[in-house]
Amino acid sequence: MGKRRHFGHVRRFASGRYQASYWHDGRRHSAPRTFATKSEANAFLDAMSASINRGDWIDPEFGRVSFGDYAALWIAQRTDIRARTKEYYGWLITNRLRPAFGERELSKITPVMVRSWYAELATQTPGVARSSYRVLKAIFNTAISDDLILKNPCRVKGGATDRVIERRIPDVNEVTALTNAMPEQYRAAVIVAAWGTLRRGEVLGLERRDVDLVAGAIRVERTLHEFHDGSLELGRTKNGDPRKVFMPSSVMPVLEIHLNRFVGPESDAPLFKGATGERLRPSNFWVIWEAARKRVDLEWVRFHDLRHFAATMFATTGASTKEIMSRGGWKSVTMVVRYEHASEERDALLAQALNAMTQSENVTPIEPSDSGDSARGARKHDEPEDE
């Protein structure tokens with residue numbers, strides 16, 4: 001007669017395989033599979049007993065919720081993120097995560113499955129793969145907190161780490177060329193981005209009251225978001241905090257001209273209006289920018305590169321990391337360190353370029369333009385706003 005177990009029960013089927021089951025919380029729980037040997041079934045029960053004693057036992061029924069259902073609940077409950085970010089996460093779940101894991105139970109998604117999915121996606125769209133992986137990992141971390149699963153299957157080394165690709169930064173002459181290539185009513189957008197370190201959404205969110213001509217500064221309090229359904233939203237800045245950016249004195253006359261010619265008298269009048277007279281949409285601005293950079297053969301310059309240009313120029317003046325972070329609205333030191341490590345060759349080039357920085361006729365000329373670029377109907381976005 002075999003020794004009776006103190007926890008659980010093992011029985012042998014006619015097939016020769018073994019089933020393990022145990023009582024806990026007033027219910028009988030069976031192992032998710034049968035075992036080839038009795039010792040394997042006993043080992044399973046020993047593991048369950050130890051888990052209960054440690055207090056980390058998870059009801060296997062909980063992990064049987066599908067990934068798709070849980071992901072939908074997860075995104076619906078994310079009230080701690082910006083609306084645009086929530087929309088992007090939702091897009092990743094719908095288009096990258098649900099097709100791969102949607103019908104699978106949470107507890108049955110393994111590290112091998114995640115690694116295979118990531119490897120395939122990374123060969124197609126590396127950036128989207130990393131973003132998708134971060135969302136997937138966050139969903140499973142929440143599932144662990146909800147006691148649905150015990151371990152996170154997202155274990156791809158470096159899977160969530162963005163690779164920093166060194167991009168060429170436009171020089172002063174190239175920024176000047178891009179400024180002049182824009183229609184007159186939008187040249188100030190290039191100026192405030194290139195000399196004030198503003199993001200595109202922050203530029204398009206500016207209003208008359210944000211420009212202080214006396215102090216020579218711009219108040220950055222909001223950012224303009226455009227959603228896939230075409231709706232617009234004025235939200236907080238990326239880090240949630242407003243900031244005051246002092247501009248070079250040479251560009252303030254240009255901003256004053258812009259206010260007088262192109263901005264309504266109301267304090268909340270947008271600095272940049274579209275063809276209909278309403279606030280300029282990010283998608284429509286992209287078309288205007290695309291035409292301008294083609295006009296001067298600078299298609300490689302993203303609008304976001306102007307922010308990098310501004311930060312690099314500011315760093316060359318000897319600004320500290322804290323000062324760069326404050327000016328650009330960064331909260332992470334790692335985002336600004338790159339601007340403090342210019343090469344000797346770049347430093348020499350910038351030293352020459354600084355000669356032009358105080359000469360308004362070289363930096364921000366206003367040339368007559370009969371360009372009436374219309375930007376209706378475009379829905380293309382070529383640049384990330386991730387810094």
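Exposed means over 50% relative accessible area, and buried means under 20%. The model on screen is predicted.

**Stop 1: two loop residues**

Select Asp297. With a relative accessible area of 62%, Asp297 is exposed, because that value is over the 50% cut-off. Its place is in the loop between α10 and α11. The phi angle of Asp297 is near 60°, a positive value in a residue other than glycine.

Now select Thr197, in the loop between α7 and α8. Phi is positive here too, near 65°, and Thr197 is likewise not a glycine. Is Thr197 buried or exposed? Thr197 has a relative accessible area of 2%, so it counts as buried.

**Stop 2: the largest nonpolar core**

Select Trp195 and Trp289. The largest nonpolar core has 44 residues, and these two touch the most other members. To see where the core comes from, colour α6 (172-181), α7 (187-196), α8 (200-204), β5 (217-220), α9 (252-262), α10 (282-295) and α11 (303-316), each of which supplies at least two of its residues. Which of the elements gives the most to this core? That is α7, with eight residues.

Another core lies apart from this one and holds 26 residues, including Tyr70, Trp117, Tyr118 and Leu148. Two of these names, Trp117 and Tyr118, return at the next stop.

**Stop 3: helix α4**

Select residues 111-124, which make up helix α4. The helix has 14 residues and reaches 20 Å from its first C-alpha to its last, close to the 20 Å expected at 1.5 Å a residue. Within α4, show the side chains of Val114, Trp117, Tyr118 and Leu121, which are buried. Looking down the axis of α4, you will find the buried residues within an arc of 100°, so they line one face of the helix. The face turned away from that buried side carries Val112, Glu120 and Thr123, which are exposed.

What covers the buried residues of α4? The cover includes α3 and α5 (126-145).

**Stop 4: aromatic rings**

The structure holds 13 aromatic pairs. Begin with Phe35 and Phe44, a tilted pair with 5.7 Å from centre to centre and 40° between the planes. Phe35 is buried at a relative accessible area of 3%, and Phe44 also counts as buried, at 17%.

Next, select Phe101 and Trp117. Their rings form an edge-to-face pair, with centres 5.5 Å apart and planes at 65°. The label follows because an angle over 60 degrees counts as edge-to-face. This pair links distant parts of the chain: Phe101 belongs to helix α3 (residues 83-101) and Trp117 to helix α4, 16 residues apart. Phe101 counts as buried, at 2% relative accessibility, and so does Trp117, at 10%.

Together with Phe101 and Trp117, they are linked by ring pairs into a cluster.

**Stop 5: charges over rings**

Finally, select Arg307 with Trp330. The charged end of Arg307 sits over the ring of Trp330, 4.1 Å from the ring centre. Then select Arg327 with Phe314, where the charged end of the arginine sits over the phenylalanine ring, 4.7 Å from its centre.

Conventions:
Residues are numbered from 1 along each chain as its sequence is written. This is a predicted model: local features need pLDDT of at least 70, side-chain atom pairs count only at pLDDT 80 or more; totals for chains, interfaces and linings use all residues. Side-chain values use heavy atoms; hydrogens and water are left out. Rings of Phe, Tyr and Trp (its six-membered ring) pair if their centres lie within 6.5 Å; planes under 30 degrees apart count as stacked, over 60 as edge-to-face and the rest as tilted. Buried means under 20% relative accessible area, exposed over 50%, partly exposed in between (1.4 Å probe, protein chains only). Helices (H or I, at least four residues) and strands (E, at least two) are DSSP runs, numbered from the N terminus. A charge sits over a ring if NZ of Lys or CZ of Arg is within 6 Å of the ring centre and within 35 degrees of the ring normal. The expected span of a helix is 1.5 Å times one less than its number of residues. The arc is that of the directions from the helix axis to the C-beta atoms. Contact means heavy atoms within 4.5 Å. A nonpolar core is a set of buried Ala, Val, Leu, Ile, Met, Phe, Trp, Tyr and Cys residues joined through side-chain atoms within 4.5 Å.
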